[in-house]
Protein chains: 2
Amino acid sequence: MSLTATQTKVHNFSAGPGILPQEVLKQAAEACINFDNMNLSLLEISHRSKNYEKVMEEARALIKELFEVGDEYEVLYLGGGASLQFAMVPYNLMREGGSAAYVSTGVWASKAIKEAKIIGTTNVIASSEDKKFTYIPKGYQIPTDADYLHITSNNTIYGTQMKSFPKSPIPMVCDMSSDIFSRKVNAKDFALIYAGAQKNMGPAGSTMVMVRKDVLGKTGRKMLSMMDYQVHIKGGSMYNTPPVFPIYVTLLTLQWLKKNGGISWIEKVNQEKADCLYNEIDRNKLFFGTVAKEDRSNMNICFLLHDVKLEPEFDKLWKEANISGIRGHRDVGGYRASTYNALPLESVKALVEVMQEFEKRFS
Amino acid sequence: MSLTATQTKVHNFSAGPGILPQEVLKQAAEACINFDNMNLSLLEISHRSKNYEKVMEEARALIKELFEVGDEYEVLYLGGGASLQFAMVPYNLMREGGSAAYVSTGVWASKAIKEAKIIGTTNVIASSEDKKFTYIPKGYQIPTDADYLHITSNNTIYGTQMKSFPKSPIPMVCDMSSDIFSRKVNAKDFALIYAGAQKNMGPAGSTMVMVRKDVLGKTGRKMLSMMDYQVHIKGGSMYNTPPVFPIYVTLLTLQWLKKNGGISWIEKVNQEKADCLYNEIDRNKLFFGTVAKEDRSNMNICFLLHDVKLEPEFDKLWKEANISGIRGHRDVGGYRASTYNALPLESVKALVEVMQEFEKRFS
């Protein structure tokens, strides 16, 4: 086994699946061999074993604890990714003959809109597509007769983030895939929050859905079981075999967050990391940020070189510093540093040093 | 880390998620720490990294190699479990106004039928429900005007298995969740084969779908993206972030199978294990098998005590022998030994010894 081998430190800025805490990775490896002192691997035990039922219970309860909500909400861990939620949200919340309101802030919001349109009347009430999604729309009117409002709190590709949320007269649904538990939010303002685990909460393979029960069961639609939140709630998030291992690693990540000080702790750390990198982007003569300053994401920090011809030189330098995953999405180009919860400040500082060294050599 | 600690050998007869090869578990643990010498965990890298794209390619190709089919088939690994396939199969194959034919051989087949009925006209053309699913229906007529025939090759709960498959005049779909790659089948007879990985092929969290492309795109239905096989095929099984780690462990398990001799090897091993245990069930005066002999499953071997009052005594004995997971499903009671591919003959012999010791003491 190479588990004990000394590893070169990699600064992992991957946009997702993204960095997880080192101690979580070690616990995950252990569970592959011997889970909970059962002398069996977590990969080969029944999800109905009492050892695993405890994992599921804790993983569900910890979401409610971190979001500070009560029993009016239920938590599910489902397979299929946030992309399946793009379909399940309208399927479960849009009434037959009803409608939904969406705010379009990027590729993921657009995909959610596309699926909702297949289910029923879907109105895009605000969009930042006019400026390539480089800002968050504000001051729009939310229709009071729609079944729900759908927003995306953070846009991974463009590096924009809603710094405050609309006051919605109708149930508000939020895709928080890329900034869940990165900062304090008033979760009770939302009827439904969902998040693919693989950006800030765990590995790929499970998606968290937290839903306020009173919004369910009103569509008049005949529901496929696996697409029906109420079926999953009734089954305690184990209507069918859940993604056992991904949920366990998510639990470990949430426990790591809680143990270290919870949301108020990580919010400060994330602010410090973002400030450190944005300050350098603004100071450094060779780089510039790509989005409206007031909408800058604290999770995905996008920046470009004024002179794109210098990219190969910059790429060489950060690769030498063991930095990984900062090439921007193909829709934006340039660079994107994802600074998810588990990324240490030390990694951001390493990137800033590279940018300063690069400026010295090439400005 | 307890990875190096000496572990007590557990004979793992779990019905699923079930036993995986020891070497696969070790490789899985390693990948949690350092995947493919990247100095990063498999849990924190992009599924778009070339290291992982290779995993996905190999995992898809190996299915076709083991099933001996050509490029008329495509392989997908999807989240959501086989239960989601209960809905996706009719959604993708049943035309608007069309119909489907189902053979009902247990709880899982019944669940598939329930979902198909939500999509359209679903006819149950044969059933063994009259005798509590203790046999496989035979000699039924398959309607030539239905869009497809759906069968379940092995019934985990009852311990029945189709020893041969119907000659179908219409596209044949098979849920092989609990006996995939346990024996030779003529895969080209099927238009679609699906299997939740967690019984014979890997851990929970991904479901394999192999489909012949010519049966797709004919429903006339407006399709939700995540429910559309053609969307996933176009995306190379990465339309959205796939269940990265479960798919990798599935690849390792398939590689283990191939390396050791493939399907023809494992079929012999599985036959030997099944013979060993069924012979004891038939010989031992205290036990009896629960299903028609000609339909006995080589994967899930169900048996009861003539005298149920002796159960606590038998339970004590097998637990002492480090045997795990042989209590029967609540619908059948008694005992069920699941003898999936990774279970060694040695474990079956350990169970037989316990049964013989039990007979000595209590008959």
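Helix α7 (residues 262-283) of chain B lies across β11, β12 and β14 of chain B and runs at about 125 degrees to β11(B). Helices (H or I, at least four residues) and strands (E, at least two) are DSSP runs, numbered from the N terminus. Axes are lines fitted to C-alpha atoms, for helices over the stretch in contact, and angles run from 0 to 180 degrees between N-to-C directions; two residues are in contact if their C-beta atoms, placed from the backbone, lie within 7 Å. The model is predicted, with local features needing pLDDT of at least 70 and side-chain atom pairs counting only at pLDDT 80 or more, while totals for chains, interfaces and linings use all residues. Residues are numbered from 1 along each chain as its sequence is written, and chains are lettered from A and ligands numbered from 1 in the order in which they are written.

The three strands under discussion form an open sheet of chain B in the order β11-β12-β14, with antiparallel pairing. Its edge strands are β11 (287-289) and β14 (335-338), each pairing on one side only. Neighbouring strands of this sheet are turned against each other by 35 degrees on average, direction ignored. Two strands pair if DSSP finds at least two bridges between them; β12 (residues 300-305) and β14 of chain B are joined in the antiparallel sense over four bridges. Here B:Phe303 stands opposite B:Tyr335 in β14(B).

Four bridges join β8(B) to strand β5 (residues 149-152) of chain B, where B:His150 has B:Val173 as its bridge partner. On β9(B), which runs parallel to β8(B) and is joined to it by three bridges, B:Tyr194 stands opposite B:Asp175. In a regular strand the side chains alternate between the two faces of the sheet. In β8(B), B:Met172 and B:Cys174 point one way and B:Val173 and B:Asp175 the other, and all are buried. A residue is buried if 20 or more other C-beta atoms lie within 10 Å of its own, exposed if 12 or fewer, and partly exposed in between, with C-beta atoms placed from the backbone.

Turning to the backbone, most residues other than glycine have a negative phi, and most peptide bonds are trans. B:Phe181, in the loop between β8 (172-175) and β9 (192-196) of chain B, has a positive phi of about 60 degrees although it is not a glycine. This residue is buried, with 25 other C-beta atoms within 10 Å. B:Glu68 also has a positive phi, near 55 degrees, and is found in the loop between α2 (50-67) and β2 (73-78) of chain B; with 12 C-beta neighbours inside 10 Å, B:Glu68 counts as exposed. A cis peptide bond joins A:Gly16 and A:Pro17, with omega about -5 degrees, and A:Pro17 is found in the loop between β1 (11-12) and α1 (22-33) of chain A. In chain B, a cis peptide bond joins B:Gly16 and B:Pro17.

Where the chains meet, 55 residues of chain B are in contact with 56 residues of chain A. On the chain B side, α1, α3 (81-93), α4 (107-119) and α6 (244-259) each supply at least two residues, and α1(B) gives the most, with seven.
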